[in-house]
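I wanted a plain record of what I looked up, entry by entry.

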Amino acid sequence: GIKLPENIVAVPDVAAAVKDANILIFCLPHQFLPKVCADVKGNHADDCIAVSLIKAVEFDDKGVVLISDMLREQLHMDVS
């Protein structure tokens, strides 16, 4: 196996993992976003931004919804 640096630590609790974070990078199946967003919301720094690496789209009654727009709406932060 590959030895990781000591400053890389796995944290199973999403809220604890994002505590006071300034940047969040999302790379997960889009089906998990509602639960993850609920855990993330309010636990990050006020000036936090997000980067989405998620390759998917959703649909609503108006048509296509980008994942970045979903994140922006649910977390109230800038998303790229």
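My notes follow, from the overall layout down to single residues.

**Ground rules**

I am working with a predicted model, in which local features need pLDDT of at least 70, side-chain atom pairs count only at pLDDT 80 or more, and totals for chains, interfaces and linings use all residues. I number residues from 1 along each chain as its sequence is written, and side-chain values use heavy atoms, with hydrogens and water left out.

**Entry 1: layout**

I looked up the elements and found three helices and four strands. Helices (H or I, at least four residues) and strands (E, at least two) are DSSP runs, numbered from the N terminus. From that end, I read their order as α-β-α-β-β-β-α. I then checked the extent of the protein. Its C-alpha atoms fill a box of roughly 45 × 30 × 20 Å, taken along the principal axes.

I asked how much of the protein is buried. Buried means under 20% relative accessible area, exposed over 50%, and partly exposed in between (1.4 Å probe, protein chains only). Buried residues make up 28% of the 80 residues.

I also looked at contacts, meaning heavy atoms within 4.5 Å. Among those between residues at least 6 apart in sequence, 68% join residues at least 24 apart.

**Entry 2: the core**

In soluble globular proteins, nonpolar side chains tend to be buried together. I went looking for such a group here. A nonpolar core is a set of buried Ala, Val, Leu, Ile, Met, Phe, Trp, Tyr and Cys residues joined through side-chain atoms within 4.5 Å. The largest one has 18 residues. Leu24, Phe26, Leu33, Leu71, Leu75 and Met77 have the most contacts inside this core. Strand S1 (23–26), helix H2 (33–40) and helix H3 (67–75) each supply at least two of its residues.

Leaving aside neighbours within four places in sequence, Leu33 touches Phe26, Leu28, Ile54, Ile67, Met70, Leu71 and Gln74.

**Entry 3: H2 against H3**

Two packed helices are described by the angle between their axes and the distance between the axes. How do H2 and H3 cross? Their axes come within 10 Å and cross at roughly 35 degrees. Axes here are lines fitted to C-alpha atoms, for helices over the stretch in contact, and angles run from 0 to 180 degrees between N-to-C directions.

I noted who makes the contact. H2 brings Leu33, Pro34, Cys37 and Val40, while H3 brings Ile67, Met70, Leu71, Gln74 and Leu75. I sorted these residues into eight nonpolar, one polar and no charged. For this sorting, Ala, Val, Leu, Ile, Met, Phe, Trp, Tyr, Cys and Pro count as nonpolar, Asp, Glu, Lys and Arg as charged, and the others, Gly among them, as polar.

**Entry 4: salt bridges**

Side chains of opposite charge can pair when their charged atoms come close. How many salt bridges does a search of the whole structure find? It finds three. The test is a side-chain nitrogen of Lys or Arg within 4 Å of a carboxyl oxygen of Asp or Glu.

- Lys19 pairs with Asp20 at 3.4 Å, N to O. Lys19 is exposed, because its relative accessibility is 57%.
- Lys35 pairs with Asp39 at 2.8 Å, N to O. Both lie in H2, four residues apart, about one turn of the helix. Lys35 is exposed at 55%, whereas Asp39 is partly exposed at 23%.
- Arg72 pairs with Asp69 at 2.5 Å, N to O. Both lie in H3, three residues apart, about one turn of the helix. Arg72 is partly exposed at 32%, and Asp69 is partly exposed at 35%.

**Entry 5: two positive phi values**

I went back to Asp20, in the loop between helix H1 (14–17) and S1. Asp20 has a positive phi of about 65 degrees although it is not a glycine. His76, also not a glycine, has a positive phi near 55 degrees. His76 lies in the segment after H3. This residue counts as exposed, because its relative accessibility is 60%.

**Entry 6: His44**

Is His44 buried or exposed? His44 is buried, because its relative accessible area is 15%. I found His44 in the loop between H2 and strand S2 (49–52). Leaving aside neighbours within four places in sequence, His44 is in contact with Val18, Asp20, Ala21, Leu24, Leu75 and Met77.
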